[in-house]
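Hi,

Here is the structure I promised to pass on to you. Have a look at it first, and then read my notes below.

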Amino acid sequence: DHMPRGRKSEVFCTANTQKLMHKRGFSGTASTLEFGQPLETDHARITLYPAGHILGSAMVFVESDEGSVLYTGDCRIPPSPASEGFTLPEHPVDHLITEATFSLPIYKWDSHESLAREVRDFATTALEEDSTPVFLAYSLGKTQEIMQMLAPLGHTVQLQEDGYQLCKVYEQAGFHLGHYERYNPRTCRKAILMTSSHALRKGFAAHISRKHISYCSGWASHGSARGRQPVDKLIPLSDHLDFFELIDLCKKLNPQKVHITHTPNADVVQHYLDKLEIESRFLDLDTETDD
């Protein structure tokens, strides 16, 4: 689902990914595919499946005479409510290439319902104490999911221009984000604010003396994150699989081999997959050269 480094590239993607890319400066050629709509080439059939990570995010399933490969990219099970869901191919997967960002047993997420209560309770308590609630979250995906959680409260959410423009794509796709508007230093005191850690360090809402700050990320499951962020609450809301969801995905697909990417320690995942008699290896996407 991530925009290619070359902003003038020729890409295949979902329609919502195309809209999000153009909001972020992509000027290349984007051919859109519906989920489940095969692209036939001379050597393979390529199909996109919803990854549950953010709006438009897709896994890529490649079928050929040599076998099949499912590349997850970033994925999430259960899927983000601010996405098109999560669907696996019905056909056998010979090779699974999966991200493993949170691939240690210390990462186990609470339910979405529990995390949504934490988000709403944090905002409500801050407002009741005449303080401004500030949520630190990535502007694409995480921000919109938190806004969904906050919508039942009926309060105004203010956010920076980048996130504001991305929200328009979510609304066009049918997602209700509640009442929101651009960040306005003159009126933000009584609103719920959404921003990034970087913007906060650069002075976002610095004129507000009374504010409660929450850091929303899978990395918030570590208490040490509090030392890196000047926050009052850590909410471990992630757009990725936790460790146990990752192992369950591998178990369900039972491929010939799992190729593990983006991981702090592939050995841990491989240890658990060995117990399931699933062959695996670490795939370094930055240096891998073999076919």
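This is a predicted model: local features need pLDDT of at least 70, side-chain atom pairs count only at pLDDT 80 or more; totals for chains, interfaces and linings use all residues.

Is Ala205 buried or exposed? It's buried, at a relative accessible area of 1%.

His262 has a positive phi too, of about 45 degrees, and isn't a glycine either. You'll find His262 in the loop between strand 14 and helix 8. His262 counts as exposed, because its relative accessibility is 52% and the cut-off for exposed is over 50%.

In general, nonpolar side chains tend to be buried together in soluble globular proteins. The largest nonpolar core here has 31 residues, and those touching the most other members are Phe135, Ile146, Leu150, Val157, Leu159, Tyr170 and Tyr180. Helix 2 (112-128), helix 3 (142-150), strand 9 (157-159), helix 4 (161-172) and strand 11 (192-195) each give two or more residues to this core. There's also a second, separate core of 25 residues, including Phe61, Ile260, Val268 and Val269.

Zoom in on Leu150 next. Leaving aside residues up to four places away in sequence, Leu150 touches Val119, Arg120, Ala123, Phe135, Val157 and Ile192.

Helix 7 (residues 243-253) is worth a stop as well. Its buried residues are Phe243, Glu245, Leu246, Ile247, Leu249, Cys250 and Leu253. Among the elements covering them are strand 6 (67-71), strand 7 (95-99), strand 14 (257-261) and helix 8 (266-275). At the N-terminal end, Asp242 caps the helix, with a side-chain oxygen 3.0 Å from the backbone nitrogen of Phe244. Just after helix 7 comes Asn254, with a positive phi of about 45 degrees.

How many disulfides are there? The count comes to 0. For Cys188, the nearest cysteine sulfur belongs to Cys167 and is 17 Å away; Cys188 itself is buried, at 0% relative accessible area. Cys216 is in no disulfide either, with the sulfur of Cys167 nearest at 15 Å, and Cys216 is buried at 2%.

One last thing to look for: a cis peptide bond joins Ile77 and Pro78, with omega at about -5 degrees. Pro78 lies in the loop between strand 6 and strand 7.

Cheers

Methods:
Residues are numbered from 1 along each chain as its sequence is written. Side-chain values use heavy atoms; hydrogens and water are left out. A nonpolar core is a set of buried Ala, Val, Leu, Ile, Met, Phe, Trp, Tyr and Cys residues joined through side-chain atoms within 4.5 Å. Buried means under 20% relative accessible area, exposed over 50%, partly exposed in between (1.4 Å probe, protein chains only). Helices (H or I, at least four residues) and strands (E, at least two) are DSSP runs, numbered from the N terminus. Contact means heavy atoms within 4.5 Å. A disulfide is a pair of cysteine sulfur atoms within 2.5 Å. A polar contact is a pair of N or O atoms within 3.5 Å; within protein, one must be able to donate a hydrogen and the other to accept it, and residues adjacent in sequence count only if both atoms are side-chain atoms.
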